Amino acid sequence: MDGNGELNGWSIKKSADLYQIQGWGEPYFRINERGRVEVRPDPTQDRAIDLYELTMQLGERGLDLPLLIRFPNILQDRIRLLNESFQNAIREYGYDGTYRGVFPVKVNQQRHLVEEIVESGRPWRFGLEAGSKPELLITLAAMEDENGFIICNGYKDLAYMETALVAQRFDNMVVVVLERIEELDLAFRASEKLGIRPCLGVRAKLSSKGIGQWADSAGDRAKFGLTMSEIVHVVDELQQRDMLDCLKLLHFHLGSQVSSIIPVKNAMREAGQIYIELVKMGCEMGYLDVGGGLAVDYDGSKTDFRGSMNYDLQEYAYDVVAGIQEACEKAHVKSPTIVSESGRSIAAYQSVLIFDALGVDHVDFEDPQEPTKNDHRILDEFYETWKGIQPKNVQESWHDAQQALEEARSLFKFGYLGIRELARAEHLFWSCCEKIRQSMRRVKYVPEELNAVEDMMGAIYYCNFSLFQSAPDIWAMDHLFPFMPIHRLDEEPTVRARLADLTCDSDGMVDHFIDVEEVQRSLHLHPVTPDQPYLLGMFLGGAYQEILGDLHNLFGDTNAVHVRLEDSGYSVSNVIKGDAIDEVLRYLQYDPEEMVERVRKQAERALNKGRMTLPQLRTFMDHYENSLRGYTYLKGDA
Ligand SMILES: *Cc1c(COP(=O)(O)O)cnc(C)c1O
């Protein structure tokens, strides 16, 4: 190492810059002096866990990769941060009301996670939001303390409505939010039948829209929410029944990952006015629920790019509080309790998916052999092109190489070139690409079309995970998550690669990566060394990914574990073994025992006919039965 902490011209600092870890990872993730990613689950303490070492130690406990590691301390910290940000804003602006957040369960319904949120949220009387009947059942069981807080959203049938209304007699505050006008009638019917005066909210369809991929969650044609005339209708109906005291909350939701603060400010202005009007019409009110949308800076660029955000949590809280305060002061209306439903911002950071690279596919580019007199002239020309490549003619050479390959292929099609010669032509083409790529490094300005060379020459790392199970949003909406190796960060990553998952689907490929400037088509990785694991992490996937994951190619849930800081280091709990193959099959109505019988019959028949030996039969049956009981993913040593 030299004086700058550099080893062979590379340093940990360079890795940190390359992978933007400070931008997206602070204060939870950073690189330690051993060149590995470390986790600081509780940033108020100066304690770190080496992610590579942790993965190895969990491996010794039989937790194979891919492995989802959850850090409850991070979840706790996010909840603290959100609540403290609102408290700061309330204090600084002298806001005459309080804040009570809820966690939308749909973001991650895992029992241990929901329980953790209830536990960590207790000091702030943090609540839960349900978006469906099953989620309502979860929230009612999870909020067992007195003074709990539950917001009921989503489609409601009579059973949902009656359940929620009866639960309003618990020691909890349970608000049923009318999301469609039809639900008003349901509420009246349930209330009459049960003799319970309901506690209601209305979801407004704002004309202010969010931004980005989920912008359509708001606006005139949004799926949920009441138009202004519907809201007026609700108020009139309530008044007729002398039930204006039943309407307590106004809700809106701008959509998820609102990357710019401007739509938030606009929405606050509009919602503030609606709130005031409702109060003036005599509704009880008291709560203004600003929904979700608080973004996560997945690429660390702090911009309004879809994978980022141009504001921080504190600014968000300031703008929400200021917006409501301004409207209420002007109208001399009592300040409501502010409710927010941030899911992504709370849950994204708490888990890391660790997986290993199983193999590498890269283009082979040994120097080509010189053609002889007997070879076809196209090989000769190709060879000359290759020899002549220099920094000043890269663009021209790229055109020549493409043309020569095309010509060779067409000569082959018409029978003028044999398969061995075509193979040499293809080899020459790749050699040209490699030489062009090397030369490009020495030119200042690289023409745009030559980026294709870099992309083509990029390697593919085959990785032990399923995109469809662990990061479905990458497939569904080109979502960007930070990916990086979790070790060897003191070494220069010399390979550029895309990541292929285990599914046989060509969409099962990660080929968009975060960058401050523009989205990259490949990731910088280290060459894989034989017999050494190469471990990669996918970060910030704790919101939505787990629950949206599917069984494509029957890759099931991954192993998962909670790692919590303790005085003496850390503790491991809630070990959840990922799906075994037989579990996944049963889910699809297969009967694994019967499957074993069916293949055994066929094997016995082959044995009787002398087509199979007894040891062969034994090997087959052992594999078949063991595989059924085993993890759906691959063993790294296979
Ligand atoms: C999805 C959803 C949320 C959570 O949004 P985030 O962007 O994850 O904070 C909140 N409220 C409602 C009504 C939702 O549908």
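Q: Where is Arg611 found?
A: This is a predicted model, in which local features need pLDDT of at least 70, side-chain atom pairs count only at pLDDT 80 or more, and totals for chains, interfaces and linings use all residues. Residues are numbered from 1 along each chain as its sequence is written, and side-chain values use heavy atoms, with hydrogens and water left out. Helices (H or I, at least four residues) and strands (E, at least two) are DSSP runs, numbered from the N terminus. Arg611 is found in the loop between α21 (592-608) and α22 (614-629).

Q: Is Arg611 buried or exposed?
A: Buried means under 20% relative accessible area, exposed over 50%, and partly exposed in between (1.4 Å probe, protein chains only). The relative accessible area of Arg611 is 63%, so the residue is exposed.

Q: Which strand pairs with β4 in the parallel sense?
A: Two strands pair if DSSP finds at least two bridges between them. β4 (residues 67-70) has Leu67 and Ile69 pointing one way and Leu68 and Arg70 the other, all of them buried. With β13 (residues 351-361) the pairing is antiparallel over four bridges, and Leu67 stands opposite Ile354 there. The parallel pairing, also over four bridges, places Leu67 opposite Asn559, and the partner is β20 (residues 559-566).

Q: How many residues apart are Asp145 and Arg122?
A: A salt bridge is a side-chain nitrogen of Lys or Arg within 4 Å of a carboxyl oxygen of Asp or Glu. The side chains of Asp145 and Arg122 form one, at 2.5 Å from N to O. Asp145 lies in the loop between α6 (133-142) and β7 (149-152), and Arg122 in the loop between α5 (111-121) and β6 (127-130); the pair links distant parts of the chain, 23 residues apart.

Q: What separates Glu381 and Arg377 along their helix?
A: Their side chains meet in a salt bridge (3.0 Å, N to O). Glu381 is partly exposed at 39% relative accessibility, and Arg377 is partly exposed at 42%. Because Glu381 and Arg377 are four residues apart in helix α13 (residues 377-388), the separation is about one helical turn.
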